[in-house]
Amino acid sequence: MGPTLDFLTLLPYVSELLKGLTTTVILTVVTTLTGLALAVAVAYLRVNAQPWVRWGLGGYVEVTRNTPFIVQLFFIFFGLPGLGIKIDAITAAFIAMTLNLAAYSAEILRAGISATAKGQLEAGRALGMTTLQSYRHIVLVPAFARVYPALISQSIIVMLGSAVVSQISVFDLTYAANFIQSRNFRSFEVYLLITLVYLLLAFGMRRSFMLVGKRVFAYQQGEQR
């Protein structure tokens, strides 16, 4: 007789699943907002700042993009205490995810910014716009529109990559799954359910981003007219 599936064995652990889901969602929302905000600043400085600033930020981007996320996480959580900087697990997860998303998104945004013709900025200044207004309306918004799908994908990748924060005992979805299967030994049912939840989160994020993008960029286009 073959193995039987019993998803009812997961019912006693609904509270753990909800706790893990809540942690994953909060991590994702906060790090997406902070990571994209930091990415805007990094992208701008990499294009417009002094050479030493561009080199420093370029080093940060290259180190982040060419090392595993879990190593970055371990360095922040386990490595920094060696320098006397102690950070709790959830804060370390926030910092690692934010820095990771910012580095990748900054390069994506920089590509969008570089596609803006310098003549457009000069035209903006000729119309009486300040430097900040020119950057916002002529450079930043169109750059976001150009690379928005890539930013969505990168944010989803970071959300999925957040599963490794369970390695430093952050009670996220993956930690909840490991906890449950260690109690009821129903590994197939547990990890199948968690897989479906991550899929729903990814689809939900993509749909939400697309709806926000349509509203924001449509409003900006209407404002420019």
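Trainee: Is F185 buried or exposed?

Mentor: In this predicted model, F185 is found in the loop between α7 and α8 (187-224). Exposure requires a relative accessible area over 50%. The value for F185 is 66%, so this residue counts as exposed.

Trainee: What is the phi of F185?

Mentor: F185 follows α7. Its phi is positive although the residue is not glycine, and the value is near 60 degrees.

Trainee: How many degrees does the arc of buried residues in α7 cover?

Mentor: The buried residues of α7 are L173, T174, A176, A177, I180 and N184. Viewed down the helix axis, they line one face, because they fall within an arc of 155 degrees.

Trainee: What span should helix α7 (residues 173-184) have?

Mentor: The helix has 12 residues, at 1.5 Å a residue.

Trainee: How are helix α3 (residues 69-79) and helix α4 (residues 89-114) oriented to each other?

Mentor: Their axes come within 9 Å and cross at roughly 135 degrees. The contact includes F69, L73 and F77 of α3 and A92, A96 and L99 of α4. The crossing is right-handed. An angle between 115 and 145 degrees is neither roughly perpendicular nor roughly antiparallel, and the two helices are therefore oblique.

How values were computed: Residues are numbered from 1 along each chain as its sequence is written. This is a predicted model: local features need pLDDT of at least 70, side-chain atom pairs count only at pLDDT 80 or more; totals for chains, interfaces and linings use all residues. Side-chain values use heavy atoms; hydrogens and water are left out. Helices (H or I, at least four residues) and strands (E, at least two) are DSSP runs, numbered from the N terminus. The expected span of a helix is 1.5 Å times one less than its number of residues. Buried means under 20% relative accessible area, exposed over 50%, partly exposed in between (1.4 Å probe, protein chains only). The arc is that of the directions from the helix axis to the C-beta atoms. Axes are lines fitted to C-alpha atoms, for helices over the stretch in contact, and angles run from 0 to 180 degrees between N-to-C directions. Angles under 35 degrees count as roughly parallel, over 145 as roughly antiparallel, 65 to 115 as roughly perpendicular and the rest as oblique. A crossing is left-handed if the near helix is turned anticlockwise from the far one by less than a right angle, and right-handed if clockwise. Contact means heavy atoms within 4.5 Å.
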